Amino acid sequence: MLPTINGKSFLECNIDDLKTILDNTDFKESEYLDYKKSFELTEIPKTKKDALDKAKAEFRKDVCAFANAQGGYLIYGIKEDGKAVPHELVGIEISDNNTEQFENLVKNTLQTISPRIPNFELKYIPRGDNFVVILYIHKDSFAPYIFLENNRDYRIYRRVGNSVSVLAYSEIKSMFSQSVILEKEIGQYRKERINLFYDGEAAFHEQKFFLLHMIPETFLDSSYDTPIFFHCRKGVDFSGLFTPFGYINRPIPTVAGIRYVDKKRKTECRLQNNGIAEVYSPVGDYIDFSESHPEGFLFSQDLWENIELFVRAYAEKRSLLTKGGRVFAGLSIVGCKNIRTDND
């Protein structure tokens, strides 16, 4: 379990909170914590290429090790006492206090990690004229993460206790299996939702409908949930996600989040605490019947334009809905066999 300070996560703490962990053995380095006195990538001159390359490799190694385990915190600007216990706040310098530039350096350095950059968050805690920087690496379903240091050193690292170890083949195989499981879980979830509407168990039941989803890769992990209705009460308006598909009134709270219902158009939209956005709507508004097309003609361009508006609106609210990582989009059009479209 991730450690907390005074009942708060490390990403919520301040400099006074950090002072309370000094010389406290409860906060010694572990599988979730690693203290660094400095951030070498900003201290080594670019002219010392070998030393800089070595520092970059070490940084990628540390990040991969947390991402391949349970996630955790890399904390820069805290000196430990030689026995892995935090001892002194020293801080690190960030050029011109430009945290955006610092974050870009982190992202660029991690670009060589495969299959992609692990999910991470940065917290900057001012300490006089410098900062203590907390880098939180999330655990997710895309492990194992790997970087190729050179053509001979091909290893996958994992955080174990307060150190880093090389993963065994059996552990790597298990991680790859987990990635495949994520795809299956997303497919199974969408199938269950389609069947719910198709079998008439939902509020509306039409023979021809479409079901649209945005599904974060973290949707199965409740630690990533965000209180959607709480945000609504604070004035955040999520209805813009769904207005392309009908008139949307006030949100209706549910156990899992909120829903919007347009009884006139028989449209139902949901936004869940785990970040899933769902649109159910009859497809009839997009179908034209004529002598040349007695079975119907679906104007898919109109539908795609609305889908694009939906995806863009989701992206704008993404920081409230997810904590980074991939989001999968899924569209199912049901009951429209033999109906022609403008692109066949």
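Let's start at a pocket: helix H3 supplies the largest share of the lining of the second largest pocket, 3 residues. A pocket here is an open set of points on a 1 Å grid over the protein atoms alone, where a 1.4 Å probe fits and protein lies on both sides within 12 Å along at least five of seven lines; lining residues have an atom within 4 Å of a point. Helices (H or I, at least four residues) and strands (E, at least two) are DSSP runs, numbered from the N terminus. Before going on, please note that this is a predicted model, in which local features need pLDDT of at least 70 and side-chain atom pairs count only at pLDDT 80 or more, while totals for chains, interfaces and linings use all residues. Residues are numbered from 1 along each chain as its sequence is written, and side-chain values use heavy atoms, with hydrogens and water left out.

Back to that second largest pocket. Its lining is made up of 15 residues, and Leu41, Thr42, Glu43, Ser95 and Leu105 lie nearest the centre. Helix H2 (49–67) and helix H3 (99–110) are the elements that give two or more residues to this lining. The space inside is about 350 Å³, where a volume is the space filled by probe spheres set on grid points joined across faces, edges and corners. Sorted by class, the lining holds 7 nonpolar, 4 polar and 4 charged residues. In this sorting, Ala, Val, Leu, Ile, Met, Phe, Trp, Tyr, Cys and Pro are nonpolar, Asp, Glu, Lys and Arg are charged, and the others, Gly among them, are polar.

Now for the largest pocket, which holds about 860 Å³ of space. Here 32 residues form the lining, with Lys139, Asp140, Asp221, Ser223 and Tyr224 nearest the centre. Helix H4 (residues 169–198) contributes the most to this lining, 7 residues. The classes in the lining of the largest pocket come to 13 nonpolar, 9 polar and 10 charged.

Let's step back to the whole chain. You will find 7 helices and 17 strands in it, and its C-alpha atoms fill a box of roughly 80 × 50 × 35 Å along the principal axes. Of its 344 residues, 46% are buried, where buried means under 20% relative accessible area, exposed over 50%, and partly exposed in between (1.4 Å probe, protein chains only). Among contacts with a separation of 6 or more, 67% are between residues 24 or more positions apart; a contact means heavy atoms within 4.5 Å.

What sits inside? In soluble globular proteins, nonpolar side chains tend to be buried together. The largest nonpolar core in this chain has 44 residues, and Phe59, Phe102, Val133 and Leu135 have the most contacts inside it. Such a core is a set of buried Ala, Val, Leu, Ile, Met, Phe, Trp, Tyr and Cys residues joined through side-chain atoms within 4.5 Å. Helix H2 gives the most to this core, with 9 residues.

Phenylalanine 210 belongs to strand S9 (residues 209–216) and counts as buried because its relative accessible area is 0%. Beyond residues up to four places away in sequence, phenylalanine 210 touches a set of residues including Phe245, Tyr280, Pro282, Leu303 and Ile333. The C-alpha atoms of alanine 143 and cysteine 64 are 8.8 Å apart, with the two residues 79 apart along the chain.

Finally, a look at the backbone in the loops. Serine 114 and proline 115 are joined by a cis peptide bond, with omega about 5°, and proline 115 is in the loop between H3 and S5. Aspartate 23 is not a glycine, yet its phi is positive, about 60°. This aspartate 23 lies in the loop between helix H1 (15–19) and strand S1 (33–36), and it counts as partly exposed because its relative accessible area is 48%.
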